[in-house]
Amino acid sequence: MTSATTTPRSATGAVALRGVTKVYGRGDGAVLALDGVTLDVSPGEFVCLVGASGCGKSTLLNLVAGLDRVSGGEIDLGPGVEPGLMFQESALFPWLTVEGNVEVPLKLRGLPRARRRERVAELLRTVHLGDFAGKRPHELSGGMRQRVALARTLALQTPVLLMDEPFGALDAMTRDILHDELERIWSERKLTVLFVTHNVREAARLADRIILLSSRPGRIIWSTRVEVPRPRRIDSPEVAAIAAEVTDRLRAEVGRHGR
Ligand SMILES: Nc1ncnc2c1ncn2[C@@H]1O[C@H](COP(=O)(O)OP(=O)(O)OP(=O)(O)O)[C@@H](O)[C@H]1O
């Protein structure tokens, strides 16, 4: 008897991209944004994507998130996995309290009220906002709003977090604190993180692996494992050395293309 051929499936939390291509528009106006990106992210791995402005980092994240469709190639997150998404803007509902915002995805999932309340309280403790449940977004600092956004993303209990410059609008001190928080949550929950940033120090501070995309069309041109032990400090010489190497590669790439 011959065995049926089965398509290999990703382990939970794994993210696999195979020859992913994205073209925006058609004809003469078509823009090739990504060109044959192949990438395997292991369950629990923290990967940072860096590259020149307009090289396709957000495009790649949006495709993995399922917000847009690939023009070619495949993306596999494993059966039933819906990734959590976080952007530079917290995108909170201004008329809802902190608690109400975090509750939204749980309501959409139809979780009963008592379980929602329990889960929201636990999530707010996780992001150290237990005392702010009744506040509205305008009463919070930018860093606190991003904590709420993170709690809301975590509410879905997804193994995969996609983050597009989540701390890009924050001051250095707040960003530093949120790096520690994110690292703790990532490690406790064994999350897989795909994190887009312009900030090479941030990449060296957070990543297990840094991926460099070429100027448009985005292709993976270089990657490095960050072997610096955790917890790391953004101002440590080891993190600075990795950041300097990434900056050199990035400069060389931008120099070749003028962008
Ligand atoms: N909806 C769209 N229609 C047409 N072109 C687009 C669209 N979205 C993005 N692009 C183009 O695709 C390319 C990649 O854009 P993308 O936003 O992914 O880059 P990025 O690396 O995230 O940029 P940045 O670092 O500046 O945020 C850019 O040239 C952009 O202008």
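Guide: Helix 1 gives the most to the shell around the ligand, contributing three residues, and in this predicted model the shell as a whole is made up of 13 residues. The closest of these are Tyr24, Ser53, Lys57, Ser58 and Thr59. If you look for the elements that give two or more residues to this shell, you will find strand 2, which covers 31–41, and helix 1, which covers 57–65. Sorted by class, the residues of the shell around the ligand are seven polar, four nonpolar and two charged.

The chain is divided into domain 1, made of the stretches 15–56, 75–83, 160–195 and 207–259, and domain 2, which runs over 88–157. Taken over C-alpha atoms, the centres of domain 1 and domain 2 are separated by 26 Å, and where the domains touch, 13 residues of domain 1 are in contact with eight residues of domain 2. On the side of domain 1 that touches domain 2, strand 6 (160–164) and helix 5 (172–189) each supply at least two residues, and helix 5 gives the most, with four residues. By class, that side of domain 1 has seven nonpolar, four charged and two polar residues, while the shell around the ligand, as described above, has seven polar and four nonpolar residues along with two charged ones.

Key. Residues numbered from 1 in each chain as written. Predicted model: local features only at pLDDT ≥ 70, side-chain atom pairs only at ≥ 80, totals over all residues. Near = placed C-beta within 6 Å. Nonpolar A, V, L, I, M, F, W, Y, C, P; charged D, E, K, R; others polar. Domains from an automatic or database assignment. Contact = placed C-beta atoms within 7 Å.
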